[in-house]
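Subject: Structure handover

Hello,

Here is the structure to look through. My notes follow it.

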Amino acid sequence: HDVIMRLSFAALALLLLSYAGSRSKAQDAVDDSSQICDAAGTACCAALPPDNPSERGVQVSFFLVGANDEYGGYRSAQRSSAALAALVYGLNAYGLKAEAEVILVDWQPMWGKGKGSASPEPLRCTPEFRKVLARVPLVCEGPTDGRACRKGLVRIVEVPPNVAYRYSKEAVSEVHAFNLAARRSRGRHIFRVDQDTLTLGPFFRWLHWQKVSNWTDLNHVIWKARDFDIKREQVPTLVDDLHFYINHHTTTTAADGQPAAPCIHGAHGAKVPARPPYDKANAKGGGANWGECHNQAVGVLGLPIELVKDIRGMNEALIHWGGMEAELCTRASQSPKFINWVDISKEVCGYAFAHMTHDYAHHKNGEVPGQAMGFANTADWGLAKERSIREYVF
């Protein structure tokens, strides 16, 4: 009997040691992200043909750009995957996924110099993104009986290292990445969100208000600044705690400590107010001045797709320049397709955008002296002639 008991305890000890070892490996693999991915049947890292194009009426496209690098002092994939996860979670939770898509441009850096240099793995293959992509819900459309459910809420567009290097030798070119996404957008409106920005519940509630009001404001330029910072050490845990961050950042107090104004869309049946046309008497030189536009550099900036195409997108000479959104805003206001912009800071009910903090790297502003003064996007803006760019649908 004693021998049997000793053997039983020995077996139990071996089992516990085995479990502890496997748990340690799972933690090293970022919470079993590979297993989650496989269990969900999601081809996170396989090049499979996309589903047939969806016929759903996409109203809004969200744009993110990311790279598998160490920009900001730690893995930027931690921030960009959290930014993507927040958009996916919010669009699904607030009943918006049928009218939305998220386009993430993976600007793939080249390690070393010259053709054939080693480069990091695509973002979709990283542990951080595998975990997020495994949780992307299908989008269902059509009548309740016989509904078609397809992939398509998230589209990852990869700019391979040799192409990325031709356009920007030092780091990500967000202006090219934004233009690439705009050309591929299926929506009426495109929202640019920084890859270090977490989108929260108050913005999704405002967006749902737009939906029930027949998307009244999608022909305007829309913007809002960020509201607060998330500490760097909190960033790796965000993906597993999105419910808290998305849904628990409302406030009844304004920034100056006074009671916040009543929520404009909180009342039942509240309609989106009429937006007046832009008064060009406020502008300088026939377009909006930078004083009106400069705050559009953070948070969210949304533009009608037809307006973006009319002005040929962001200025592709402004690689690494800080004023690219303001310059875009100025040119947009000169277009006949421009109506006005809407600052939604007084219409969202609470904190809508949070900044995931990081170190700041200082890049040289462009490569040609004085290039910020001109605009020379050609008809091939947005990498239109590049044939090696690939897209993956989730």
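Which residues form one aromatic cluster? They are Phe62, Tyr94, Phe191, Phe203, Phe204, Trp206 and Phe353. Please keep in mind that this is a predicted model.

On confidence, the chain has an average pLDDT of 76, and 67% of the residues reach at least 70. Residues 1-42 have a pLDDT below 50, and this stretch makes 24 contacts beyond near neighbours in sequence. Residues 113-117 are also under 50, with four contacts beyond four places in sequence.

Back to the rings. There are 10 aromatic pairs in the structure. In one of them, Tyr94 and Phe204, the ring centres are 5.9 Å apart and the planes meet at 20 degrees, so the pair counts as stacked. This pair links distant parts of the chain, 110 residues apart: Tyr94 is in the loop between helix 3 (76-93) and strand 2 (100-107), while Phe204 belongs to helix 7 (residues 201-212). Tyr94 is buried, with a relative accessible area of 16%. Phe204 is buried too, at 0%.

A tilted pair is formed by Phe203 and Phe353, at 5.1 Å centre to centre with 50 degrees between the planes. This one also joins distant parts of the chain, since Phe203 is in helix 7 and Phe353 in strand 12 (residues 353-356), 150 residues apart. Both Phe203 and Phe353 are buried.

The charged end of Arg124 sits over the ring of Tyr392, 3.7 Å from its centre. The charged end of Arg183 is placed over the ring of Trp381, with 4.9 Å to the centre.

Eight strands make up an open sheet with mixed pairing, in the order 11-8-10-6-1-2-5-13. Strand 11 (341-343) and strand 13 (390-393) each have a single partner strand, so they stand at the edges with one side left without a neighbour in the sheet. From one strand to the next, the twist averages 20 degrees. Strand 8 (residues 221-224) pairs with strand 11 in the parallel sense over three bridges, and Ile222 has Val342 in strand 11 as its bridge partner.

Helix 6 (residues 174-184) packs on this sheet. Among the strands touched by helix 6 are strand 1 (60-66), strand 5 (154-159) and strand 10 (300-304), and its direction makes about 140 degrees with that of strand 2. Helix 7 lies across strand 1, strand 6, strand 8 and strand 10, and runs at about 150 degrees to strand 1.

Regards

Key:
Residues are numbered from 1 along each chain as its sequence is written. This is a predicted model: local features need pLDDT of at least 70, side-chain atom pairs count only at pLDDT 80 or more; totals for chains, interfaces and linings use all residues. Side-chain values use heavy atoms; hydrogens and water are left out. pLDDT is the predictor's confidence in each residue, from 0 to 100. Contact means heavy atoms within 4.5 Å. Rings of Phe, Tyr and Trp (its six-membered ring) pair if their centres lie within 6.5 Å; planes under 30 degrees apart count as stacked, over 60 as edge-to-face and the rest as tilted. Helices (H or I, at least four residues) and strands (E, at least two) are DSSP runs, numbered from the N terminus. Buried means under 20% relative accessible area, exposed over 50%, partly exposed in between (1.4 Å probe, protein chains only). A charge sits over a ring if NZ of Lys or CZ of Arg is within 6 Å of the ring centre and within 35 degrees of the ring normal. Two strands pair if DSSP finds at least two bridges between them. Axes are lines fitted to C-alpha atoms, for helices over the stretch in contact, and angles run from 0 to 180 degrees between N-to-C directions.
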